[in-house]
Amino acid sequence: MKVVTGAEMKEVDRYTIEEVGISGLVLMENAGREVAQAAVELLDNLNGNLVIVLAGKGNNGGDGFVVSRLLIEQGFEVKTILLGKKEDISGDAKVNLEILDKLEAKIWEISSKEEVLELKLLVDKTDLIVDALLGTGIKGELRGLYPEVITLVNNSPTAVIAVDIPSGIEADTGRVVDTAIEADETITFALPKIGTILYPGADFVGNLKVVDIGIPQMVITKQEFKIDLITSKLVNDLLPIRVADSHKGSYGKLLLVAGSTGMTGAATLATQASLKIGAGLVTLGVPRSLNPILEIKLTEAMTYPLGESKEGILSRESVIEIKKLLNDRDVLAIGPGLTANDEIGYIVNHLLEKTDKPMVVDADGLNVIYDLNILKGRTVPTVLTPHPGELSKLINQPIEAIRVNSIEIAKDFAREYNVILVLKGARTIIATPQGEIYVNSTGNSGMATGGSGDVLTGLISGLLAQGIDGRSATIIGVYLHGLAADLAAEELTEYSLLPSDIIDYLPQALRTVMSDE
């Protein structure tokens with residue numbers, strides 16, 4: 001499913017109206033009808049009858065005027081609150097406001113703080129609030145009375161439906177500068193907006209429902225949007241078919257280089273995840289003194305003792321052994337639990353520059369990349385999986401700047417350095433060298449614990465080993481990683497979720513995806 005910015009959605013509307021010839025009034029009527037239908041369903045559940053429609057001065061307010069009319073026609077008691085003056089309304093919104101006037105529907109105009117205070121008594125007594133204040137065009141701080149009205153709504157116990165996007169969320173980034181409507185349900189039109197998917201905006205959306213308002217599919221296809229929301233169906237379509245006449249060699253040979261003294265768990269989790277996702281043969285290379293420990297921890301994988309320093313960390317000489325192992329391996333994953341020092345830095349940078357095998361680089365492997373330009377010359381898939389803190393070090397930008405502009409930064413990085421970037425977070429973002437962006441919707445706060453990223457490294461590298469292209473392996477791995485965590489949290493709670501639980505629930509996640517035809 002495509003995800004759009006406010007500007008992209010505006011262009012879809014423009015093209016539909018000006019080039020195709022479907023009028024804005026038709027689109028507004030369809031949008032209002034969908035919101036009204038959702039409102040009726042919610043009111044039926046609440047056994048309610050009194051509705052407040054909060055309308056702004058733009059087209060979002062125009063949608064609200066349609067909602068008011070349709071709910072009045074169905075017998076609900078509706079109070080339409082206009083934040084501003086009637087003379088401020090223009091275009092299609094004005095047409096629908098005039099229709100309300102002709103039907104003698106009462107419209108309250110609010111233009112002072114005193115009138116906002118009077119509104120509080122009404123808000124607390126109503127059954128449902130429809131937020132049609134602000135649409136997808138806002139950026140930066142809210143002006144006028146909007147912050148006061150939004151705060152009033154949020155302080156009320158009344159249920160809220162947001163029209164297209166909760167007022168106060170930036171549609172392009174999910175940023176909330178001042179405050180935003182805390183909706184129970186958001187009815188968004190044609191396509192989800194980025195701001196309803198990314199945090200912190202996603203926290204305000206409630207249940208997100210995407211509805212058709214009559215925009216032809218051809219118009220959407222014509223735009224060639226680059227951002228996709230990863231869905232179960234997409235993952236199902238990308239999953240490789242396992243044939244009956246196959247053997248362990250059919251599903252690839254993976255070399256994982258991971259672990260150091262005190263961090264054998266990272267190596268274990270990554271290895272187990274790669275096996276659970278179906279890799280044929282997995283070899284774990286670890287510092288020599290840790291090999292006996294990993295042989296006990298891992299029964300399905302092979303282990304290989306590599307040269308080490310006195311501290312139980314890989315020595316730079318081990319790169320020779322790693323390269324020999326790679327001669328008979330399809331994919332290399334490196335980083336989990338390695339420790340970041342000069343020895344590890346030499347190993348990682350040498351392998352990035354001198355080997356021609358697909359690589360997944362994570363954790364300490366990312367922390368020791370000296371010169372990002374070595375990535376540009378690689379001609380095979382290279383997947384980097386940083387969280388915002390690790391990416392901050394790589395590109396020398398503040399973490400907050402990355403969080404605010406995560407999609408553009410991820411896209412620029414992937415293009416410039418010819419890598420598939422997995423920017424991990426509450427909404428993990430995948431960026432490809434071709435400029436494609438995929439946003440993941442699975443996962444929960446239980447994953448915010450050491451080891452979850454190691455599991456993801458294992459999943460992606462295990463899929464790559466099976467011969468899947470880098471883009472597909474990353475999409476599948478990220479989605480299943482989050483979905484397995486969601487399924488585990490349903491039984492274990494987010495408090496008690498462990499990285500090993502993600503591996504344990506991976507079969508359930510796969511069954512869920514494979515049942516989505």
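In strand β6, which residue is the bridge partner of A162? The partner is T186. Let me place that pair in its setting.

Good morning, colleagues. What I present is a predicted model, in which local features need pLDDT of at least 70, side-chain atom pairs count only at pLDDT 80 or more, and totals for chains, interfaces and linings use all residues. Residues are numbered from 1 along each chain as its sequence is written, and side-chain values use heavy atoms, with hydrogens and water left out.

I begin with the sheet. Seven strands form an open, parallel sheet in the order β3-β2-β1-β4-β5-β6-β7. Strands here are DSSP runs of E with at least two residues, helices are runs of H or I with at least four, and both are numbered from the N terminus. Two strands count as paired if DSSP finds at least two bridges between them. At the edges stand β3 (107–110) and β7 (207–211), each of which pairs on one side only. On average, neighbouring strands of this sheet are turned by 20° against each other, direction ignored; the axes are lines fitted to C-alpha atoms, for helices over the stretch in contact, with angles from 0 to 180 degrees between N-to-C directions.

Now to strand β5, residues 159–163. Five of its five residues are buried, where buried means under 20% relative accessible area, exposed over 50%, and partly exposed in between, with a 1.4 Å probe and protein chains only. A159, I161 and V163 cover one side, while V160 and A162 are buried on the other. Strand β4 (residues 128–132) runs parallel to β5 and is joined to it by four bridges. L128 has A159 as its bridge partner, and D131 stands opposite A162. Between β4 and β5 the chain passes through helix α6 (residues 146–154), in a right-handed β-α-β crossover. Right-handed means that, with the strands pointing away from the viewer, the path from the first strand over the helix to the second runs clockwise. Towards β6 (residues 185–189), β5 pairs in the parallel sense over three bridges.

Next, the nonpolar cores. A nonpolar core is a set of buried Ala, Val, Leu, Ile, Met, Phe, Trp, Tyr and Cys residues joined through side-chain atoms within 4.5 Å. The largest has 56 residues, of which L284, I430 and L480 touch the most other members. Helix α19 (residues 470–492) gives the most to this core, with eleven residues. A second, separate core of 48 residues includes I344, L351, L375 and A431.

Two single residues remain. Not counting residues up to four places away in sequence, L281 touches K248, G252, K253, L254 and M302, contact meaning heavy atoms within 4.5 Å.

T355 lies in the loop between α13 (342–354) and β13 (359–361). With a relative accessible area of 14%, T355 is therefore buried. The side chain of T355 reaches the backbone oxygen of L351 at 2.4 Å. Leaving out residues up to four places away in sequence, T355 also touches K323, L326, H350 and R378.

Thank you for your attention.

Methods
A polar contact is a pair of N or O atoms within 3.5 Å; within protein, one must be able to donate a hydrogen and the other to accept it, and residues adjacent in sequence count only if both atoms are side-chain atoms.
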